[in-house]
There are 2 protein chains.
Amino acid sequence: MPGQKNMKKLKNDSLLCVGLDSDLDLIPKKFLDSKTPQYDFNRYIIEQTHQYVTAYKPNLAFYEARGSQGWQELALTMKYLQINHPNIFTIADAKRADIGSTNKGYIRAIFDELNFDAITLHPYLGKEALKPFLDRQDKTSIILCHTSNPGAGELQDLKIDGKNLWEVVAEKVSQDWNANSNCMLVVGATYPQEMTRVREIVGNMTLLVPGIGAQGGDLQAVMRIGLNKKRAGLIINSSRGIIFSNNPKLEAEKLNDEIEKYRIEAV
Amino acid sequence: MPGQKNMKKLKNDSLLCVGLDSDLDLIPKKFLDSKTPQYDFNRYIIEQTHQYVTAYKPNLAFYEARGSQGWQELALTMKYLQINHPNIFTIADAKRADIGSTNKGYIRAIFDELNFDAITLHPYLGKEALKPFLDRQDKTSIILCHTSNPGAGELQDLKIDGKNLWEVVAEKVSQDWNANSNCMLVVGATYPQEMTRVREIVGNMTLLVPGIGAQGGDLQAVMRIGLNKKRAGLIINSSRGIIFSNNPKLEAEKLNDEIEKYRIEAV
């Protein structure tokens with residue numbers, strides 16, 4: 001991916017990320033008899049979709065909801081991916097950020113124990129606090145810039161000398177925090193205008209894009225606006241629309257085909 | 001505590017919080033032979049300190065660092081507190097915040113499974129995203145306002161119409177997000193000027209104050225500045241200075257005595 005040093009060689013030239021948001025309340029009943037329902041479900045989803053994706057992104061909330069059992073099943077999922085699909089990028093959607101020394105606990109858990117390639121992070125504590133993440137040249141820090149939720153603007157649209165807070169975050173990350181070329185930004189598909197501006201600010205930096213599908217983001221707009229000059233630089237996430245569909249393989253293939261169609265059309 | 005509806009009756013009229021930051025690399029060696037070293041250490045700390053504290057605050061990073069085993073020991077710690085010291089307030093220093101529906105996973109884990117009374121939260125996604133936390137009238141949402149780290153100002157001091165971002169957060173939380181009277185704010189002891197202003201903005205709202213001790217915060221200044229009109233409204237956290245001292249009981253007693261001395265002196 002553009003701007004990423006030390007990135008692992010990726011299996012597929014795809015921009016699709018499948019969100020392994022394996023909410024126990026929503027996964028098909030047939031998995032619930034297992035002792036490891038989230039893990040079994042994830043394996044099924046991975047086997048159905050791996051040929052179409054560049055990345056998997058479990059949101060940790062759905063595993064923490066089940067306490068230590070959930071952590072175990074997340075660890076099993078990560079081990080399964082490492083053994084069977086080592087060239088698929090893995091993102092811990094953890095939205096963490098603490099003061100410097102405390103972050104080491106999260107780094108140990110998410111980078112070193114679970115072996116994720118990347119983690120999502122809140123920017124509010126500043127670069128100094130996030131340094132332990134940013135210093136890991138072998139891993140990617142994905143900073144929240146403009147999130148996909150309807151109320152994202154309450155803080156993110158606050159004006160600083162005429163700029164929105166999210167613009168300031170995009171500038172800081174691309175011009176300063178990214179010294180190791182290991183940062184990406186989260187920009188919701190539900191905010192295409194903001195994405196246009198972020199792309200202007202960050203050059204070829206990769207954007208992680210949630211909000212397609214259930215949240216109402218427009219894929220065609222995102223593809224027209226968000227691609228960088230190498231016709232890449234986007235990781236388009238879909239969670240529920242794929243994993244809880246009747247045919248995850250078909251839905252992943254369809255969405256990937258659609259992405260590729262717009263990718264080719266984009267100038 | 002002021003401004004808190006549905007708060008449990010507290011055991012001690014204290015403002016001291018002990019941070020159960022039970023880093024496995026730092027706890028005394030005698031606990032490491034146990035199968036549950038963090039839990040055993042926490043029980044020891046709790047038994048040494050419970051008569052002096054209003055709250056315990058485990059930072060989740062130190063437990064997550066040990067994966068599912070850490071979660072299990074955190075759960076054991078919480079169960080132990082509920083049985084033996086049910087009238088001590090418990091804060092999950094988790095610094096979470098995701099979009100609305102996803103937060104339900106964290107709520108299930110931290111409020112309903114682990115039974116914490118409160119959680120620390122990032123403000124960046126706005127009130128709409130945090131609604132599932134704020135809607136829990138039986139629980140407390142503690143929003144990061146001005147954090148204690150040296151680089152906190154990078155984003156938090158950005159100026160919005162002449163106000164700092166942390167002032168805007170304090171205003172929003174006290175005037176809007178706190179409709180259920182179940183919010184507190186994090187303000188670092190290392191920023192006494194900012195704390196003065198936060199106290200002006202939020203009236204009697206309780207502030208969770210990290211940064212005393214190792215981080216260099218000045219307790220006397222905090223007590224002069226931070227108390228509300230009821231000579232309360234502060235939860236003063238100390239972690240390492242107590243839990244990794246040779247005599248946690250003595251250190252907790254000393255710090256609590258010092259807090260009470262300044263509390264009486266404060267006008």
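**Figure 1. B:Ser181, a partly exposed residue with 14 other C-beta atoms within 10 Å.** The model shown in this and the following views is predicted. A residue is buried when 20 or more other C-beta atoms lie within 10 Å of its own and exposed when there are 12 or fewer, so B:Ser181, with its 14, falls in between and is called partly exposed. B:Ser181 belongs to the loop that lies between H7 and S8 of chain B.

**Figure 2. A:Lys95, a buried residue with a positive phi.** Here the view moves to chain A, where A:Lys95 sits in strand S3, which covers residues 89-96. Is A:Lys95 buried or exposed? There are 27 C-beta neighbours inside 10 Å of A:Lys95, and therefore this residue counts as buried. The phi of A:Lys95 is positive, at about 45°, although the residue is not a glycine.

**Figure 3. Strand S8 of chain B, a mostly covered strand.** This strand takes in residues 183-187 of chain B, and 5 of its 5 residues are buried. In a regular strand, side chains alternate between the two faces of the sheet. In S8(B), the residues B:Cys183, B:Leu185 and B:Val187 point one way, whereas B:Met184 and B:Val186 point the other way, and all of them are buried.

**Figure 4. The two strands that pair with S8(B), namely S5 and S9 of chain B.** Strands of a sheet pair through backbone hydrogen bonds, and they may do so in either a parallel or an antiparallel sense. Strand S5 of chain B, made of residues 140-146, runs parallel to S8(B) and is joined to it by 5 bridges. Among the residues that face each other here, B:Leu144 has B:Val186 as its bridge partner in S8(B), while B:His146 stands opposite B:Val187. Strand S9 of chain B, with residues 207-209, also pairs with S8(B) in the parallel sense, this time over 2 bridges. Within this second pairing, B:Val186 stands opposite B:Leu208 of S9(B).

**Figure 5. The closed barrel in each chain.** In chain B, 8 strands form a closed barrel that runs S1-S2-S3-S4-S5-S8-S9-S10, with parallel pairing. In chain A, 8 strands likewise close into a barrel in the order S1-S2-S3-S4-S5-S8-S9-S10, and the pairing is parallel. One of the pairings in chain A joins strand S1, residues 16-18, to strand S10, residues 234-238, in the parallel sense over 3 bridges. In this pairing, the bridge partner of A:Val18 in S10(A) is A:Ser238.

**Figure 6. B:Leu185 and its surroundings in the largest nonpolar core.** The largest nonpolar core has 175 residues, and the members that touch the most other members are A:Leu185 and B:Leu185. Which residues does B:Leu185 touch, not counting residues up to four places away in sequence? They are B:Ile142, B:Ile143, B:Cys145, B:Ala170, B:Val173, B:Val198, B:Val202, B:Met205 and B:Leu207.

**Figure 7. The side of chain B that touches chain A.** In this view, 46 residues of chain B are in contact with 46 residues of chain A. Two or more residues on this side of chain B come from each of several elements, including helix H3 (67-84), strand S3 (89-96), helix H4 (100-113) and helix H7 (165-177) of chain B. H4(B) gives the most, with 8 residues. Sorted by class, the side of chain B that touches chain A has 21 nonpolar, 15 polar and 10 charged residues.

**Figure 8. The rotation axis that relates the two chains.** Which residue of chain B comes closest to the rotation axis? It is B:Ser68, whose C-alpha lies at 2.1 Å. Because 100% of the interface residues of chain B are also interface residues in chain A, the copies meet through the same surface.

**Figure 9. Chain A as a whole, with its 11 helices and 10 strands.** The C-alpha trace of chain A spans about 55 × 45 × 35 Å along its principal axes. A compact globule of 267 residues would have a radius of gyration near 18 Å, and chain A, with 18 Å, agrees. Of the 267 residues of chain A, 57% count as buried. Among the contacts in chain A between residues at least 6 apart in sequence, 74% join residues at least 24 apart.

Methods
Residues numbered from 1 in each chain as written. Chains lettered and ligands numbered in written order. Predicted model: local features only at pLDDT ≥ 70, side-chain atom pairs only at ≥ 80, totals over all residues. Contact = placed C-beta atoms within 7 Å. Helix = DSSP H or I, 4+ residues; strand = E, 2+ residues; numbered from the N terminus. Nonpolar A, V, L, I, M, F, W, Y, C, P; charged D, E, K, R; others polar. Rg over C-alpha atoms; globule rule 2.2 N^0.38 Å. Core = buried A, V, L, I, M, F, W, Y, C linked by C-beta atoms within 7 Å. Least-squares fit on C-alpha atoms with pLDDT ≥ 70 in both. Pairing = 2+ DSSP bridges.
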